[in-house]
2 protein chains.
Amino acid sequence: MILSGCGVLDGSEIHESVCALLHLDRHDATVTMAAPNDDQPQTINHLTSQPTGESRNMRIEAARIARGEITDLADVKGTDFDAIVLPGGFGAAKNLCTFADEGADCAVHPQVERVLNEAHEAGKVIGFICISPTIGARVFRAKVTVGVDEETAAKIEQMGASHERHATEEICVDEDRRIVSTPAYMSAERIGQVYEGIGRLVDEVLAMAGREVAAAKT
Amino acid sequence: MILSGCGVLDGSEIHESVCALLHLDRHDATVTMAAPNDDQPQTINHLTSQPTGESRNMRIEAARIARGEITDLADVKGTDFDAIVLPGGFGAAKNLCTFADEGADCAVHPQVERVLNEAHEAGKVIGFICISPTIGARVFRAKVTVGVDEETAAKIEQMGASHERHATEEICVDEDRRIVSTPAYMSAERIGQVYEGIGRLVDEVLAMAGREVAAAKT
């Protein structure tokens with residue numbers, strides 16, 4: 001799991017990250033959490049939604065979600081895992097890539113891009129949650145969903161990717177590219193919807209990862 | 001729900017807080033989140049477990065878990081809710097009371113004590129998760145569980161309260177005082193156990209709260 005900090009406005013969305021951990025645990029998956037060892041471009045006061053002027057490090061803040069153990073993304077190889085999952089939160093669109101500011105012209109954090117490419121080239125499955133499918137659009141021109149947000153969907157298509165409208169509890173599956181996405185808080189009104197959608201995403205990501213393993217064994 | 005910050009080492013335990021929100025949502029409960037509007041005594045780097053020397057405000061940090069909307073605990077009346085739930089994390093033992101430093105001689109944050117007393121005197125139900133049952137021991141001399149931690153259990157009994165050993169997935173119910181507790185990360189090895197125990201706690205808290213409502217209506 002690749003995190004970007006701790007909190008919806010400047011890091012990883014906390015509910016989404018925990019829902020993903022819960023569903024991965026339900027499947028008995030072994031999870032390694034990782035984040036870039038770089039400062040967030042901004043720290044936001046979540047009560048006022050205003051920048052605080054502080055400098056906070058993505059990995060150190062994401063360690064709050066990970067309860068301490070979190071790897072420097074620079075030390076991660078995308079080939080070491082069956083699958084990679086990215087929760088959303090503005091950190092996915094501001095820290096892991098520049099989509100929030102630059103839209104369809106965004107750049108992806110070099111360590112994130114490297115790890116995703118390594119995983120993808122080795123046939124691994126990638127799950128993108130909430131706003132993070134924009135990274136899948138940028139790097140892989142994948143078919144993804146961010147729910148029903150027309151503006152973000154248009155930017156995704158500008159990147160040469162394709163967008164599918166889906167309800168919060170649903171997932172979008174790009175079978176060819178082995179990429180799964182779900183809208184989560186792009187459209188959720190309740191945390192229970194986020195839990196349900198991410199549950200489907202994790203089910204599908206692990207099912208696809210298992211199919212790869214089975215195919216490799218034959 | 002009373003929070004104390006955002007992160008296991010200096011605030012509210014994130015997984016416990018989100019699990020509680022998920023189960024409350026499953027029951028269609030309307031949740032108000034609140035935290036004291038005071039600085040945490042310490043901020044801890046969750047990667048190194050060392051103090052950072054920074055000053056962070058409990059309510060502002062807890063707003064990360066709440067996704068923005070979080071009431072100043074000073075503006076909360078304990079009588080305004082059917083039930084109150086406190087997640088754990090060291091924030092419960094360092095910010096909401098002084099148990100981490102002073103053990104059985106601990107003091108409880110005055111706003112926390114006021115709100116809990118208001119709720120309790122009105123027959124409301126209180127759910128304590130993880131280390132936060134020490135607050136129930138201090139304020140109400142309640143029967144609680146923190147799992148199988150002998151040292152914490154001994155301090156709870158020194159406060160004139162009583163301790164029951166329970167597995168992570170179990171709850172302890174003090175019917176007389178209308179207080180429910182569960183060990184969560186006091187003993188959990190996996191997030192799934194935390195989800196299960198907190199699920200039982202929320203089920204019981206809301207069932208007891210419902211019985212009060214039913215009794216009041218007859």
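This is a predicted model: local features need pLDDT of at least 70, side-chain atom pairs count only at pLDDT 80 or more; totals for chains, interfaces and linings use all residues.
**Notebook: chains A and B**

Started with Leu116(B). Skipping its neighbours within four places in sequence, I found Leu116(B) in contact with Ile2(B), Ile84(B), Leu86(B), Ile126(B), Phe128(B), Ile135(B) and Phe140(B).

Next I looked up the largest nonpolar core, and it has 137 residues.

Then I moved to where the chains meet. How many residues of chain B are in contact with chain A? I got 34, and they touch 34 residues of chain A. The size of an interface is often given as the accessible area lost when the parts come together, so I checked that too. About 3100 Å² is buried between chain B and chain A, with carbon and sulfur atoms giving 56% of that area. On the chain B side, Leu47(B), Arg64(B) and Arg67(B) lose the most area to chain A, and together they make up 25% of what that side buries.

The rule finds 10 salt bridges across the interface of chain B and chain A. I picked out one of them: Arg56(A) pairs with Glu61(B), and their closest N and O atoms are 2.9 Å apart.

Which elements of chain B give two or more residues to the side touching chain A? My list has helix H1 (14–26), strand S2 (44–45), helix H2 (58–66) and helix H8 (191–217). H1(B) gives the largest share, seven residues. Sorted by class, that side of chain B has 16 nonpolar, seven polar and 11 charged residues.

Definitions and conventions. Residues are numbered from 1 along each chain as its sequence is written. Chains are lettered from A and ligands numbered from 1 in the order in which they are written. Side-chain values use heavy atoms; hydrogens and water are left out. A nonpolar core is a set of buried Ala, Val, Leu, Ile, Met, Phe, Trp, Tyr and Cys residues joined through side-chain atoms within 4.5 Å. Buried means under 20% relative accessible area, exposed over 50%, partly exposed in between (1.4 Å probe, protein chains only). Contact means heavy atoms within 4.5 Å. Buried area is the accessible area (1.4 Å probe) that two parts lose on being put together, summed over both. A salt bridge is a side-chain nitrogen of Lys or Arg within 4 Å of a carboxyl oxygen of Asp or Glu. Helices (H or I, at least four residues) and strands (E, at least two) are DSSP runs, numbered from the N terminus. Ala, Val, Leu, Ile, Met, Phe, Trp, Tyr, Cys and Pro count as nonpolar, Asp, Glu, Lys and Arg as charged, and the others, Gly among them, as polar.
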